[in-house]
Amino acid sequence: MLPGNTMLSAGSLGRTTSGVAAGAYGYSQFTQNGGGTHSTASSSRFVPSQFQYNGRVAAALLPSVLVLAGYGGGAVAAALAVGLMATYILDAMRYKEGAFMAAWLTMGAANLAAIFSALLLKNDAPVALTLLTFLLNALTLFLAGLWASLQFRFLQLQYPGVVIAFEKMLMAGCLPVAAAVQTWGMVAGVGMSNSCFFLAAMLCGLYRFFALPLPSSFHLAGRRAMGGGKPKAHRLQDSGDGFAAFLLVAALPAGVYVATHWAVLFSWVHMWSLILLASGPLVFVCSLQDGLWWLGSGRAVNALRRLVLLASLAVFLLAVEERVIFHSFNQYIRLTAPWNYIAVTACMYGVAALVLLHFSGSLSEETEGLLVGPLLMLSAAVGALAAGLPLWMLPAPLLAASGLAMFYDTRSLRDYLLFVAGALATGGWFVWHHFWFLEVSLAGVPLRTVCALVLAAMVPAALLPGMLYAEAGQAVVGGLLVGQAALLCWLEELLYAGGHEQVTHGVHSMYPPWLVVGTSEALVAGILVLCMALGCLPLVHRYYPASQAAKRALLLAGTLAALLALLRPPLPVGGGAECPDLPFGLCPRLWDAGHVPEHEEDDVAIWGDGLRRRTHWPLWFMLGSAFLGVTAMTQTSRGALSALARTVQAAGSAAMVAAYLALEFFPGLPLVQVVILVSALLAALFLVLLQLPVPGGAVLMPGLALAWAAGLPLALAAQAASALPPLPEAAERLLPDSDRELDEERRDAIWAAILAVYVAESLLLAFALKLRVGAALAGQRGAKAAVPAACAALGLDDGTFHRAASFLGQCMPTYVQQPGASRPALKGPAGAAMQRLGQEGLGWVPTCCNLVALLCFGLCMVLNWQVTGGNPAAILLLAPLLLLLAQDPLLLRALEERRRYAPPVAATTVYLTAAAGWQLVEDVSEVQAGGTSLSFFAIQTGCLIWALPCQVFLLIWLWTNKRPPVMRVLLLAPLNLAALYLADLDETKLSAGVGLAASAALLLGAQQAAVKAGRNLI
């Protein structure tokens, strides 16, 4: 490891796994000269630094991940939430490698959840579309994993070539993947007919973010190369990438529109829409200074860009005129043909010419006065005549045009006020002429009042741009923004909430519903909290950049928003719309009587809880637990009171998790609830003592683990002894003759819930213990046992803890506290790790880790048999749990670190073989009874035997590090293909698939060994 701002040595460069990327980047030919490092012929240099394009990547990937979470349902959202939380916790605990692996495991788990929950179980789409959806899921999550990887500095220090390759792949893949996935979401949100226009706008933004030439985040700028010249900047895109992005932006919106409107394409409306989609992206790309950078540089390229810009702008304006103005607003144009077309065309092209001249820098001081004022006034006059303004109102648009022209020249707020006055007068006449005479009301409010409020909302909208440009007072600007926001909220409520069928004749709603976020559940509350946090983000960034309290408040608000949106706890129905008796007419309430949210209820797996409808109100405990946990983690360390606050928050968080488990999964069973509550608290206390050791804690923890384990049989016994809570009447009405079967199903569901709770707790405990063993293997000692500051504040000293643990320590045998103490010590790194753990009184941790991991694996197998009937595919998901096993002096003395992959492979092989053998034993009885032919039994037995050799070879290699001959693997690998083709049993097919994977792993290992030895494989 080198310091963060030093150059990487040749030795560290040699550890990179991407030599091609390293060479292309240009930091090769580093040499060592004494203790320093210098470059002999390098044009650019690598330096570890922060990834510079987090904002751009977030704008592309975060909406895409949200679309995938919405499509995949709760399983994907839960996988992402739990995985990212685990990643954050590991990173906060400074387990960088663990956080890195957790990030990638999160993406893999989310991908698997999307496959099983959305693609395979409930999707009737064609196979090609299903595969395309799977590919988009995988690519999006892969890019998210790359983005997370670039945040780890240890990866930059140890594998710079990999970091460069990751950065290039990320920046190249964001545009096409985000375009595809977000188009998917747009179609679901706004419909197929409108999604192409949103797609065009999004592609233009993505082109601006990712297709223009960008330097690498890890290029050392400001240093001079040999000879005194500046180092050449490493560009993330080449000309091919830029050209491909241009083709995607220019062709995809029009192509999607043709594909979705082919049946009605040859009508004027759709033809103009197609022209609009084809010309709009060209206008945007060519308006950028480096929009066509991939063509090179020079006068010819610049001239070509301007020519394409002029041509596409002319076509774009013509399409806007026909598709938007005359198609949607023709009723407001009073001139008759052809004068209406002439007037609108003159107005649009005149304004466009001014804008183009301004941004191209072609307007000099001499030509400004000659062109800007007359052209603006002429365009305003023609546009006003086209809109039907009478001659006596013509001075209003002319005043607005003259004020804008003078403001363009003087930048004076007084001139801008002339523009505002003329614009408001013109808008007022338009509203008065078209709407003022209507004698209708909206939700009891006359339309004239609504028109007046609309005009009032136009005042700050017209004033704010000029005031901001003239740097007006912040208080005035803020007051105008608040006033406009209040008016818009009131107008939204009025135009959306009321029944306006008498106005719109049932054709469409007066106000589009998607412009207003309605109130029905906690998801909306989460969105509102998130909007509040995002609204405060610019204020904190500008006015409180050094305030940790402000940043922490934003983080907590964002956390609360995410928890509300993901967990969606039920909101209270009763009392939320009532006004308390307060003076001055104050009425703080959650909602009014017209917006009471729906109370979300469900039948847990329909029959799983015996038709007992549940509202999941204990989810508030889970939300409170997670929020308190984040609050405690972000608490500043300032003395005993801060430590006491963190202790109280952590205890409250653990108690809320325990309450959630007890109340959510075991309603109406108080005895079971007490046992589950106590066991969860014991597990939480064990984790706290493991991470924050205190005097006597090493003696208390084995007792806590035993008490926690004893809770499992106690909970099962309490479940068997407790009477089932009464069922609602719906159960008797729907299933009048199956009381006994229903009671058995309910007891089975409660029994499975108890096992599921212990599975989750044992997985958490085993993972924490494995991290502790891994830290000891890495040579890290745990924190020194000391009295916490929170306890010191309560008057507790070191002796208090020793006296509290003395009874347990005196009654516990030595071999339990230090397992394997009377046996020969372990050798190698495991022996050193045991010495470190023993010095801290934690010599029992590896054995405890193995026991808890085996308990977790066993409970999962039992649940698989209980819930799915023993689905053989489950072993592929459950076998990795055995990676939590560790070498210990009592149970697994031979499980060295290099052998850690042998237990999962062995469990998979043994389980699939045993399951297939059991099926074959049942087939023997059918053969004897004449139900199955002997040839079928022989073929299935042969397939099972053919699938085993490669798995056995892999196990031998993983355990003894002795690789079988390559030719033997090549000869036996086809047997797995034959077994996969001929087998009829699912267990045998899976075993053959595992055999194929084993043969591939053996050949890959042989290839790597051959490359290291400098020879060919065969």
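**Stop 1: helix α11**

Select residues 268-287, which form helix α11. Helices here are DSSP runs of H or I with at least four residues, strands are runs of E with at least two, and both are numbered from the N terminus. At 1.5 Å a residue, the 20 residues of α11 should span 28 Å, and the end C-alpha atoms are 28 Å apart, so the two agree. The expected span is 1.5 Å times one less than the number of residues.

A word on the model: it is predicted, so local features need pLDDT of at least 70 and side-chain atom pairs count only at pLDDT 80 or more, while totals for chains, interfaces and linings use all residues. Residues are numbered from 1 along each chain as its sequence is written, and side-chain values use heavy atoms, with hydrogens and water left out.

Now colour the buried residues of α11; among them are H270, W272, L274, G280, V283 and C286. Buried means under 20% relative accessible area, exposed means over 50%, and partly exposed lies in between (1.4 Å probe, protein chains only). What do the buried residues of α11 pack against? Show α9 (192-211), α10 (239-260) and α12 (299-328): these are the partners.

**Stop 2: α9 against α11**

Keep α9 and α11 on screen. Their axes come within 10 Å and cross at roughly 15°. That makes α9 roughly parallel to α11. Axes are lines fitted to C-alpha atoms, for helices over the stretch in contact, and angles run from 0 to 180 degrees between N-to-C directions. Under 35 degrees counts as roughly parallel, over 145 as roughly antiparallel, 65 to 115 as roughly perpendicular, and the rest as oblique.

α9 passes α11 in a right-handed crossing. A crossing is right-handed if the near helix is turned clockwise from the far one by less than a right angle, and left-handed if anticlockwise.

Select C196, F197, A200, C204, Y207 and R208 in α9; they meet S273, L276, L277, P281, F284 and V285 in α11. The residues of this contact divide into 10 nonpolar, one polar and one charged. Contact means heavy atoms within 4.5 Å. Ala, Val, Leu, Ile, Met, Phe, Trp, Tyr, Cys and Pro count as nonpolar, Asp, Glu, Lys and Arg as charged, and the others, Gly among them, as polar.

**Stop 3: helix α16 and H434**

Go to residues 413-435, helix α16. Its 23 residues should span 33 Å at 1.5 Å a residue, and its end C-alpha atoms are 32 Å apart, which agrees. The buried residues of α16 pack against α15 (395-410) and α17 (447-469).

Click on H434. Is H434 buried or exposed? At 11% relative accessibility, H434 counts as buried. H434 touches Y332 and R334, not counting residues up to four places away in sequence.

**Stop 4: α36 and α38**

Select α36 (residues 949-960) and α38 (residues 986-1013). Their axes come within 8 Å and cross at roughly 45°. The two helices are therefore oblique to each other. α36 passes α38 in a left-handed crossing.

C950, Q951, F953, L954 and W957 in α36 meet residues of α38 including S991, V994, A998 and L1002.

Step on to N961, in the loop between α36 and α37 (966-982). N961 has a positive phi of about 65° although it is not a glycine. With a relative accessible area of 53%, N961 is exposed.

**Last stop: the whole chain**

Zoom out. The chain has 38 helices and four strands. Of its 1018 residues, 40% count as buried.
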